[in-house]
Amino acid sequence: MRKIILLIIVSICILFVSVFILPKFINPFNLDDTGSQIIFSIRLPRVIVSILMGSALGVSGAILQGLLRNPLADPYILGISSGATLMAAAGLIFGKIIFGLFTIPLLAFIGAISTGIAVGIMGYKGGGLLPERLLLAGIGIGFLFSSILMLLMSISADDPYGLIFIFAGFLLSIWRVKGLNALILGDEIAYSLGFSPFKERLILFISVGLMTASSVSLGGIVGFIGLLIPHIVRYFVGSDCRFLLPSSALAGGILLCMADTIGRTIMSPTEIPAGIITAIIGAPYFLYLLRRKEIMGV
Amino acid sequence: MGILDLKKISFSYNREEFIKDLSISLNGGEFIGLLGANGSGKSTLLKLSAGILSPQMGEINLWNKPLHHYKGKDRAKLISYLPQMLDINAPFRVIELVSMGLYPYDILPQLSPEEAIEMVGLTEKKNSSITELSGGERRRVFIAMTLLQGAGILLLDEPLANLDIKYQIELIRLLRNLRDIKNISVVMALHDINMAFQFDCVYIVKDGRLIASGEPHEIIAGELLKDAFDIDVTISDIFHPLKPIK
């Protein structure tokens with residue numbers, strides 16, 4: 001409990017720093033016109049978007065690691081982010097003709113789900129999903145889509161309509177959180193506890209699709225949050241997804257917000273993409289995790 | 001008519017027949033040991049009985065109603081199944097994992113997670129992460145979860161594997177007590193023939209068929225075992241603990 005309070009306090013500090021201090025201090029108690037404009041039209045929206053994206057990715061990672069019972073699963077590694085981005089890019093190129101305002105997030109959602117299914121089919125062998133095959137298939141598809149994307153453009157759709165998808169996805173995952181806990185114990189035990197493993201997996205997968213799609217249509221691909229955050233959070237709150245999912249949302253949001261703030265500060269006015277900062281923090285931690293055997297038994 | 005009836009069920013996968021025309025009727029308060037060589041169909045039989053697998057032929061009725069007509073939660077209050085392999089690598093705390101036994105319930109039953117943990121002797125470790133426990137302790141955690149689930153039929157696939165002899169005996173004693181008090185039925189796949197003497201009734205499975213059933217001292221005989229396990233057996237009096245553990 002003390003650790004959770006610590007996490008919340010740290011989060012509030014980072015929020016305060018991101019909105020008022022970096023890259024240039026603005027006194028919240030003595031706001032002039034320029035200052036309030038910077039805070040309300042530039043920094044606050046950006047902070048909100050980075051928090052929501054980070055939350056979506058953190059929760060998605062926690063769900064995927066549980067669903068696949070694999071500590072390496074996350075939307076980026078499984079290629080789901082790339083699939084979503086590719087479709088979002090297609091939406092940008094062809095315009096908002098199909099689903100109106102929600103064209104980009106919906107296309108991204110379709111991209112996420114269909115990539116997930118494709119990776120699942122490739123990872124399926126001998127009556128079950130093989131984790132190694134899944135990850136390899138995900139990495140392969142991710143590379144393929146990323147290279148197609150590079151041909152198309154460097155994408156950051158900046159589309160705000162996907163925000164609602166994050167909340168929908170998060171609520172779905174909280175609704176089925178007991179099912180997720182049970183699936184972590186294995187399909188047979190989940191079944192014995194009264195769950196339908198297929199149904200639980202489907203709903204949770206859709207929630208991951210929604211969250212990944214909206215995060216991609218808000219700000220493109222950001223790696224490592226989904227992989228990294230659940231592991232950090234497990235250290236604080238344990239594996240019970242009733243605590244893990246909300247805490248991953250909080251921690252993911254805060255990490256991305258922090259990375260974004262650092263990214264727009266250290267070489268100001270030039271901005272470094274938040275994805276690079278998260279990878280700089282994330283990669284060493286990932287290697288450290290590999291050294292620590294007790295984390296999810298790998 | 002028993003509480004769980006398997007009528008002439010057959011199950012095959014990839015054209016290989018695992019269960020052939022098998023019928024079993026389980027009654028309330030029965031304490032059954034399932035013997036058979038590896039690959040004889042013991043595990044498949046338990047999974048079919050739990051509803052995890054569906055037979056291609058025959059029917060399975062729970063309280064005179066087809067097993068697959070039950071809603072998940074309703075079924076979970078009547079039958080629980082514990083697989084042989086418990087490969088879990090997420091660092092759940094003991095109390096968290098055991099509490100999942102309450103998932104089928106909206107109104108909580110009488111037994112509390114703490115009591116279930118005490119029944120398997122893990123009270124001191126209730127806040128430990130299960131990744132820190134030994135294989136035997138982990139199994140006891142899952143058994144506590146199963147007990148908390150409170151179903152009247154327990155289908156346990158080799159629950160005695162990797163338990164110390166002390167806990168093998170204690171688990172049997174615990175389950176028999178529950179049978180005496182609550183009239184639960186237990187079907188347990190066994191790997192140790194000696195343990196068969198602790199059961200009221202033993203079924204021997206071979207090649208997906210039930211080749212014998214009856215009281216242990218009738219069943220544990222040289223010829224039958226030779227047939228079931230393809231080995232030469234001598235039944236020795238020294239390792240013949242006819243009297244069940246009290």
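Predicted model: local features only at pLDDT ≥ 70, side-chain atom pairs only at ≥ 80, totals over all residues.

Residues are numbered from 1 along each chain as its sequence is written, while chains are lettered from A and ligands numbered from 1 in the order in which they are written.

**Exercise 1.** Work out what the overall build of chain B is.

- Start with secondary structure: chain B has eight helices and 10 strands. Helices (H or I, at least four residues) and strands (E, at least two) are DSSP runs, numbered from the N terminus.
- Next, its extent: the C-alpha trace spans about 50 × 45 × 35 Å along the principal axes.
- Then burial: 46% of the 246 residues in chain B are buried, meaning 20 or more other C-beta atoms, placed from the backbone, lie within 10 Å of a residue's own.

**Exercise 2.** Find the order of the six strands in the open sheet of chain B.

- Read across the sheet: S6-S7-S8-S3-S9-S10, with mixed pairing. Two strands pair if DSSP finds at least two bridges between them.
- Look at the edges: strand S6 (79-82) and strand S10 (209-214) of chain B each pair on one side only.
- Zoom in on one pair: S3 (residues 31-35) and S8 (residues 185-189) of chain B run parallel over four bridges. Here B:Ile32 has B:Val187 as its bridge partner.

**Exercise 3.** Describe how helices H3 and H4 of chain A meet.

- Take the axes, lines fitted to C-alpha atoms over the stretch in contact, with angles from 0 to 180 degrees between N-to-C directions. Those of H3 (residues 80-94) and H4 (residues 103-123) of chain A come within 7 Å and cross at roughly 145°.
- Sort the contact by class: H3(A) with H4(A) has 12 nonpolar, eight polar and no charged residues. Ala, Val, Leu, Ile, Met, Phe, Trp, Tyr, Cys and Pro count as nonpolar, Asp, Glu, Lys and Arg as charged, and the others, Gly among them, as polar.

**Exercise 4.** How many residues does each chain give to the contact between chain A and chain B?

- Count both sides: 21 residues from chain A and 21 residues from chain B. Two residues are in contact if their C-beta atoms, placed from the backbone, lie within 7 Å.
- Name the elements on the chain A side: helix H7 (177-184) and helix H8 (187-192) each give two or more residues.
- Finish with classes: this chain A side divides into eight nonpolar, eight polar and five charged residues.

Definitions and conventions: Buried ≥ 20, exposed ≤ 12 C-beta atoms within 10 Å, placed from the backbone.
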